[in-house]
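Hi,

Here's the model I said I'd pass on.

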Amino acid sequence: MEYAHLNQRRGVVLVAPHQQQLIEGCLVPSPIGVLCRPAGLVIPCGGLVVPLVGPFPLFPRASVLIRMDDERSRSLRQLMTNEGLIPSSDEELKRKSVIVKLKEIVLTWIKKVAWQRGLQADVIQATSATILTYGSYGLGVHDSDSDIDALCVGPWFATSAEDFFIVLYDMLKSQKEVSEIHCVKNARIPLMRFKFEGIPIDLPYAKLMFTSVPDTVEVLNPMILHGIDETSWKSLSGVRVNCAILQLVTNLKEFQSLLRCIKLWAKRRGIYGNLFGYLGGVHLAILAAFICVRNPDAMLSSLVAGFFSTFASWPWPMPVVLAYGTMSAVGDSNVVAPRSLMPIQMPCSPQEYCASNISKSTFNRIRSEFLRAQTVTKNLLGRDFDWHILFEPFVHHNKYWWFTKISLSASNQDDLGDWVGWVKSRFPCLILKLEEVLGFCDPNPAEEYTYTEKGDPNVVFYWGLHAHCDDSDISRVEQDFETNIRIGYEGPVGQMGLSIVQAPELPATVCCMDTNLMERKACWSIIPEFSPPMMYSEHLPSYLVRYVPSIAECRRICI
């Protein structure tokens with residue numbers, strides 16, 4: 001068979017015969033990430049493979065395929081714009097201005113601390129601290145509603161307990177631009193949370209063994225980690241991951257667009273959030289960078305399709321390793337690879353892995369969504385392809401009949417925010433306990449804000465279940481979790497309650513019917529118990545995805 005090598009820079013690649021395999025009647029290259037196309041045409045992740053077999057007029061010309069790929073990429077970017085994922089230039093300037101002002105406050109703070117410590121005048125003059133951004137803002141994939149993850153990095157003499165959480169806290173609180181400031185000291189990474197000119201900011205602290213920390217500090221240099229404490233190590237991890245990704249990715253624009261798409265997909269499909277046992281922002285950033293690094297010349301639509309093709313068939317728990325040969329940081333030898341269902345190595349350290357709360361239930365959900373997305377994007381260049389199908393919301397009330405209802409309340413809004421944040425940090429323990437008792441749990445990250453009968457603010461979560469459990473079982477889970485969340489919490493303790501409800505009992509704010517699926521009104525009366533027929537995933541035969549009500553049952557549900 002003759003092959004054409006056409007404009008490799010634009011994505012057309014040559015494949016040798018020994019690298020091919022037969023899939024759906026087409027010869028295709030064998031690596032993971034291949035996208036199959038009908039009638040002998042294959043477009044792998046990052047390129048086009050065009051077999052020149054007669055009669056050639058049956059196949060589109062390579063230039064036509066490239067133009068179609070480009071059109072799909074442009075339509076996807078337009079969808080992101082329509083979804084409000086790309087902030088305006090004015091919003092960008094405001095965020096940059098906020099970071100500049102925050103750096104000025106931190107510089108004033110560290111000189112004040114140096115003076116309070118009685119350091120010499122020349123040391124006070126030379127000392128400095130800085131602000132380093134990371135997360136979605138640091139990678140340039142934030143939207144207008146995103147917060148800013150900013151790390152305060154100070155010298156050796158500025159302590160976290162006294163200088164950061166007291167002195168800097170008081171300085172920020174006195175600023176007219178700062179509002180809603182409070183300390184979250186019991187989190188895995190202690191931080192201050194506040195709004196600066198209306199923009200939410202999370203601000204942890206890291207202390208380095210230097211007298212001065214400039215804006216240009218090289219966080220990937222392993223020597224800066226020498227002698228630092230565990231909290232500072234954890235706080236620096238996010239910044240170091242960002243820097244490593246930005247160094248490895250050659251086409252930053254395509255990487256940013258890919259990551260925006262993947263985050264939107266994960267949120268719409270209900271599998272975003274590390275505390276809920278799903279993929280967090282850092283996980284998705286590394287996975288997106290993994291695809292971009294291996295396909296530096298691919299256009300956006302091919303990158304999206306390649307992302308799902310690659311990770312739908314990934315042999316978990318084999319780790320995803322973005323970079324080999326990275327320099328080991330001091331102390332890395334003590335880090336052990338976790339027993340994770342989906343291990344993802346941090347690109348800044350060869351022995352450090354992303355923190356993960358993925359359980360058996362959430363792993364199956366993630367895999368099922370990868371496989372669904374792969375199926376959708378297989379027809380990427382088809383005439384009827386529509387990006388909106390990929391981003392269709394996962395309708396939980398259509399998939400499950402039973403739900404665990406988690407109610408969290410407090411006496412006022414401020415106390416409720418702290419209480420909900422604390423309880424959510426303990427959700428991984430609750431997920432494992434529910435799996436132990438019920439075998440499966442789908443923790444929907446969506447929150448419903450209501451008020452209790454007493455008028456107290458209330459936040460409610462509804463997590464999907466495959467089966468009903470006895471009241472005694474859920475009471476035991478509630479008692480165990482109640483004990484867990486009360487240990488170590490220093491603020492006003494709120495209320496927490498667990499119960500089991502059925503799909504028809506969900507409130508209207510949660511049970512929003514998808515008109516594309518079924519045009520009907522909801523009835524909130526409780527339906528007598530029955531055992532509805534089950535529908536299992538076409539991708540994972542043992543994975544239940546929804547119940548199927550009969551016609552008679554539909555009449556009881558609908559008005």
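The axes of helix α7 (residues 252-268) and α9 come within 10 Å of each other and cross at roughly 50°; axes here are lines fitted to C-alpha atoms, for helices over the stretch in contact, with angles from 0 to 180 degrees between N-to-C directions. That makes α7 oblique to α9, where under 35 degrees counts as roughly parallel, over 145 as roughly antiparallel, 65 to 115 as roughly perpendicular and the rest as oblique. Contact means heavy atoms within 4.5 Å.

Before I go on: this is a predicted model, with local features needing pLDDT of at least 70 and side-chain atom pairs counting only at pLDDT 80 or more, while totals for chains, interfaces and linings use all residues. Residues are numbered from 1 along each chain as its sequence is written, and side-chain values use heavy atoms, with hydrogens and water left out. Helices (H or I, at least four residues) and strands (E, at least two) are DSSP runs, numbered from the N terminus.

α9 itself (residues 300-312) is mostly covered, with 13 of its 13 residues buried. Buried means under 20% relative accessible area, exposed over 50% and partly exposed in between (1.4 Å probe, protein chains only). The end C-alpha atoms of α9 are 18 Å apart, which agrees with the 18 Å that its 13 residues should span at 1.5 Å a residue; the expected span is 1.5 Å times one less than the number of residues.

From α1, the contact uses Leu-76, Arg-77, Leu-79 and Met-80, and from α7 it uses Lys-253, Glu-254, Ser-257, Arg-260, Cys-261 and Leu-264.

Then there's α2 (residues 89-116), which has 28 residues and reaches 41 Å from first C-alpha to last, close to the expected 40 Å. Its buried residues include Val-98, Ile-99, Leu-102, Ile-105, Val-106 and Trp-109. Just after α2, Gly-118 has a positive phi of about 75°.

On to the strands. There's an open sheet of five, in the order β3-β4-β7-β6-β5, with mixed pairing (two strands pair if DSSP finds at least two bridges between them). Its edges are β3 (130-134) and β5 (178-184), each pairing on one side only. On average, neighbouring strands are turned by 25° against each other, direction ignored. Within the sheet, β6 (residues 191-196) and β7 (residues 199-207) run antiparallel and are joined by six bridges; Phe-196 has Ile-199 of β7 as its bridge partner. Helix α6 (residues 230-248) lies across β3, β4 (148-154) and β7, at about 120° to β7.

Further along, β9 (residues 448-451) and β10 (residues 457-465) pair in the antiparallel sense over four bridges, with Tyr-451 opposite Pro-457 in β10. These two strands make a hairpin with five residues between them, and Gly-455 in the turn has a positive phi of about 90°.

Gln-345 is in the loop between α9 and α10 (360-377), and at 7% relative accessibility Gln-345 counts as buried. Its C-alpha is 5.3 Å from that of Val-321, 24 residues away along the chain. Leaving aside neighbours within four places in sequence, Gln-345 contacts Ile-286, Val-320, Val-321, Ala-323, Pro-350, Glu-352 and Tyr-353. The other is His-396, in helix α12 (residues 396-399). His-396 is buried too, with a relative accessible area of 9%, and touches Arg-365, Phe-403, Asp-442 and Asn-444, not counting residues up to four places away in sequence.

For the whole chain, I have 16 helices and 13 strands, and 52% of the 559 residues count as buried. Of the contacts between residues at least 6 apart in sequence, 68% join residues at least 24 apart.

Cheers
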